[in-house]
Amino acid sequence: MEQLKTIGRELAMGSQGGFGQSKEFLDLVKSIGEARSKAEEDRIVLHEIETLKRRIAEPDIPKRKMKEYIIRLVYVEMLGHDASFGYIHAVKMTHDDSLLLKRTGYLAVTLFLNEDHDLIILIVNTIQKDLRSDNYLVVCAALNAVCRLINEETIPAVLPQVVELLGHTKEGVRKKAIMALHRFYHKSPSSVSHLVSNFRKRLCDNDPGVMGATLCPLFDLISVDVTSYKDLVVSFVSILKQVAEHRLPKGYDYHLMPAPFIQIRLLKILALLGSGDKLASEKMYTVVGDIFRKCDSASNIGNAILYECICCVSSIYPNPKLLEAAAEVISRFLKSDSHNLKYLGIDALGRLIKISPEIAEQHQLAVIDCLEDPDDTLKRKTFELLYKMTKSSNVEVIVNRMIDYMISINDNHYKTYIASRCVELAEQFAPSNHWFIQTMNKVFEHAGDLVNIKVAHNLMRLIAEGFGEDDDAADSQLRSSAVESYLHIVGEPKLPSVFLQVICWVLGEYGTADGKYSASYLTGKLCDVAEAYSNDETVKAYAVTALMKIYAFEIAAGRKVDMLDECQSLVEELSASHSTDLQQRAYELQAVISLDAHAVECIMPSDASCEDIEIDGNLSFLNSYVQQALENGAQPYIPESERSGMLNISNFRSHDQLEASMHGLRFEAYELPKPPVPSRIPPPLLAPSAELVPVSEPSYSRETHQVATMPSVSDAGSLELKLRLDGVQRKWGKPTYSSPASSTSTSTTQNTVNGVTQVDGAGNVNSKARNTYDPRRPQVEISPEKQKLAASLFGGTSQTEKRPTSASHKVAKASSHAAEKSQAPKAVVVSNEVTVEKANHQPPPDLLDLGEPTVTTSSAPSVDPFKQLEGLLDPTQVTSTVNHGAVGATETPDIISLYANTPASVQSSSAEISLPNNKDDINVTSTLATQFTTKGPNPKDAIEKDALVRQMGVTPSSQNPNLFRDLLG
Amino acid sequence: MIRAVMVMNTQGKPRLAKFYDFQPVEKQQELIRSVFGVLCSRAENVSNFLEADSIFGPDSRLVYKHYATLYFVLVFDGSENELAMLDLIQVFVETLDKCFKNVCELDLVFNYCKMHTIVDEIIFGGQVLETSSTEVMKAIEEISKLETASNSISLVPKSVSGWRSR
């Protein structure tokens, strides 16, 4: 009878074609599907959980039933409810002999547990057993679980088995074993560092699928350390060539494209290997060019490969023919109706303009279309592109566009991002002080709470210092325009805190400077601010300090101070505040007001926020006091550096003891024989030299507070590293690759008009001229607004290009080298190189290194930081570093000197900053690097390879036995 | 690396959620909700790509495809190609279609386990494993055959089990 029931149930479910679930489960799914509200759904699920809790604990449940319970648990958890009571049953199920139950168990545990869960211990043993199973499906299920459930500590437990599986007869298992190893590498690079050679070996696997799988880990390894894989360039190129030539079995075709995912991986790897390496790049040109020609641009996947080709071309050493092909594909992408292709086109354009800035001009209208597209993704990508091509001639249009968009969106994450972009561009390219202040006001008004506080400090600093010109009139004009705009804005409701801080500071510092506004008017405004934002202590603090400054300036100027009533009450209220900071400020205000004019002028000098304050770091004024104390029998002070040298002396105060013991512990760690984890070594070594910094800095800022009572000063001071303003004309901040763009355009125009126009004016002249041409343009269907926008965004050269009739015009003729390009591609490259060279005053090889993220801001004209890095990466040197670290503390001075030398030898300031980061990376990979230097070609490998070749020759499955002949030599 | 595979219906109910980095249950729900929030606000004829930094942290992109009542979503980082990922969704859907003959939302709900098996054959530990739907189908059939065979304690007569595995 029972059996009949089961059959009936099976039949009922059979119509669903599934693996078989009971009626209950179907009912559950149905009722959840029909639930009209979230609350109803929750009720159903909670009821289901109750039932499951009861049922699952019953003894002697048939296994099929148990399996269903587990699946129901998974389902419940997917709906967002806790199913942890059933985890142990899922774990138990993995022990089952039946494949069906085992797989279900593994599925459930991979979904339920994280790698650090307590129950993992119970599974590791099963996984070990299953990895040795004869049934390859069991092995696959176990490998799947390995990927998800094994953490750094348990890796050693399964590692040998997984490595063994690399030689499994089933290619599917080999593939998965490689991926599992890759996963281990992700979790803990050091745990598999000695196995990296296996990836190289598997690259020669006779199954293309396995070979394809090895590309993923190799990509990761190469992106960490390019140099030790340069030898594989030839192999990768030959594989890519064979794949592209359809020499893989037909089974690997996808939509008529041969193994597209493998092609994409290979192109990504080549992009890494060819970046900044002319020799390696030259080997790639032919095959990439072939793919450009062969790729079918009608299918999705074909376009994916084309896009990857563009990425590769823009990353490797530039080749004119390939760049031309890439530009062609980009224009096809941008002209397409598909938003996806437009998106990729914009992205690709952003990559390519790094190398050939003039390419954007042909596509200006397409770019503007994308900018006005309703698709947010596309819009954001386009802003990204605009950011890359901003120069001083188009910064106003671009930043205004960005701000408009910023105001229109609600997504705080992106708002923050685009606000910081606006600030960055405005700082770098602002055409005028007034515009800069206005722009910053807009950004603060709409995204004030989202931008970094440092931006506000920068702004205050800029207002205080002017823009680096020694023109006091301009500075004071800037300040009064700032004061005016702030007095206008301050009345508006709900301003962001950061913005209010800036307003208060500026009003306090410069409100009365030009005598336009009376002190009582300003103090009234400030009191209003403090009152309106009474729960924001920072704003109140800024407001009180501003009040104090205004009063102090009044007193210093010899005028009589009448404190407003509201101001009086505010100060009284604050002097009883819970915040000690506010209290102190209030008392200071009262104290300052009661002083005479001379004293006040000393404490609060006018417009001195950016003057250097001299700090006697030695505290020499205390000398007599110290002397006196010593005479009275006090203990002399032992400097910290000396203290750490005397670790064994025990009569220190407890604090010192703690610190000393910390040092002791750290040094002991080196003596432990722990060969991997080299990345841990450098920080403690650096610690002693870095110790001085945190000690001196806080005292400095405290001093500033007391002397000037200006909270922003210390912060602004610490910003000095980031932004150098003095002596720089108008354009601040670091140069990006867009600056070459600007100089390119100016230099071309300069050439054309034979030096008649000044360099600075060239951009403007250009755009004005363009505007007058606009009405005469033949393409009437494009709206004039768009054209205008295009004209203000781009150099406008393409306008002339599209209008060959006016070729007699001098400017048009000279600047339309985009049109000339098709006839004489070589000439373009020459001019391209010349202009770029002009822009950078650097030889071309250095320019390439600009593509490298770590050295983008390099400004050293002759030193090539990348080369220096390469020198550092020299395998022998790296090994020595590692060895020193392993041997012990006695050897450590060597490493320190190594560190000390690097900044000295690399003159570029940016390289100095980026080097320490890189060094960590280098150390991480050093073990990998040494692996390869030691392994290399040894006879055993050669024999194995030989065997593989023979095997391939007779394997019927591979249709092209000579597929990897080139690779294996 | 692929970070997550999600299938959800147009009402935001999850039909499949697989994260290749562990996420606690609450976090999963939150992610699914925010992804759905973004997806349902997007118009018909726009691109299938999204920058998902705000949801999944830095350097994460999202590709989605809308089929009938279902959204298929892949989340991945910069080491993958967007268009290729879009095609991977296509592969997944093709396989489902082959597996269930005119796949619809109900098939996915009732064959939760099988759907996971299919995903595992296409994506393994966050990397693309197989892109040919016929190959995936072969693997799936092999698994179900062996599972039935190994299930020796089955009470179901042969004729019925054969019918069931169709």
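Trainee: Why is A:Phe25 called buried?

Mentor: The relative accessibility of A:Phe25 is 0%. Buried means under 20% relative accessible area, exposed means over 50%, and partly exposed is in between, with a 1.4 Å probe and protein chains only. A:Phe25 therefore counts as buried. A:Tyr75, at 1%, also counts as buried.

Trainee: What should I know about the model and its numbering?

Mentor: This is a predicted model, in which local features need pLDDT of at least 70, side-chain atom pairs count only at pLDDT 80 or more, and totals for chains, interfaces and linings use all residues. Residues are numbered from 1 along each chain as its sequence is written, chains are lettered from A and ligands numbered from 1 in the order in which they are written, and side-chain values use heavy atoms, with hydrogens and water left out.

Trainee: How many aromatic pairs are there over all chains?

Mentor: The search of the whole structure finds 15. Rings of Phe, Tyr and Trp (its six-membered ring) pair if their centres lie within 6.5 Å; planes under 30 degrees apart count as stacked, over 60 as edge-to-face and the rest as tilted.

Trainee: What makes the pair of A:Phe25 and A:Tyr75 edge-to-face?

Mentor: The ring centres of A:Phe25 and A:Tyr75 are 5.7 Å apart and the planes stand at 80°, so the pair is edge-to-face. This pair links distant parts of the chain, 50 residues apart: A:Phe25 is in helix 2 (residues 23-34) of chain A and A:Tyr75 in helix 4 (residues 63-78) of chain A. Helices (H or I, at least four residues) and strands (E, at least two) are DSSP runs, numbered from the N terminus.

Trainee: What are the distance and angle in the tilted pair of A:Phe383 and A:Tyr405?

Mentor: For A:Phe383 and A:Tyr405 the values are 5.2 Å centre to centre and 35° between the planes. A:Phe383 belongs to helix 21 (residues 376-388) of chain A and A:Tyr405 to helix 22 (residues 395-408) of chain A, so the pair ties together parts 22 residues apart in sequence. A:Phe383 and A:Tyr405 are buried. Ring pairs join A:Phe383 and A:Tyr405 with A:Tyr414 and A:Tyr417 in a cluster.

Trainee: Which residue lies over the face of A:Tyr414?

Mentor: A:Arg380 does, at 4.0 Å from the ring centre. A charge sits over a ring if NZ of Lys or CZ of Arg is within 6 Å of the ring centre and within 35 degrees of the ring normal. A:Arg421 lies over the face of A:Tyr387, at 3.7 Å from the ring centre.

Trainee: Is A:Ser191 buried or exposed?

Mentor: A:Ser191 has a relative accessible area of 15%, so A:Ser191 is buried. A:Ser191 is in the loop between helix 10 (171-187) and helix 11 (196-202) of chain A. Not counting residues up to four places away in sequence, A:Ser191 touches A:Ile155, A:Leu159 and A:Phe184, where contact means heavy atoms within 4.5 Å.

Trainee: Why does A:Lys283 count as partly exposed?

Mentor: The relative accessibility of A:Lys283 is 41%, so A:Lys283 counts as partly exposed. A:Lys283 is in helix 15 (residues 278-294) of chain A. Leaving aside neighbours within four places in sequence, A:Lys283 is in contact with A:Val233, A:Val234 and A:Val237.

Trainee: What average pLDDT does chain A have?

Mentor: Chain A averages 71, and 64% of the residues score at least 70. The pLDDT is the predictor's confidence in each residue, from 0 to 100.
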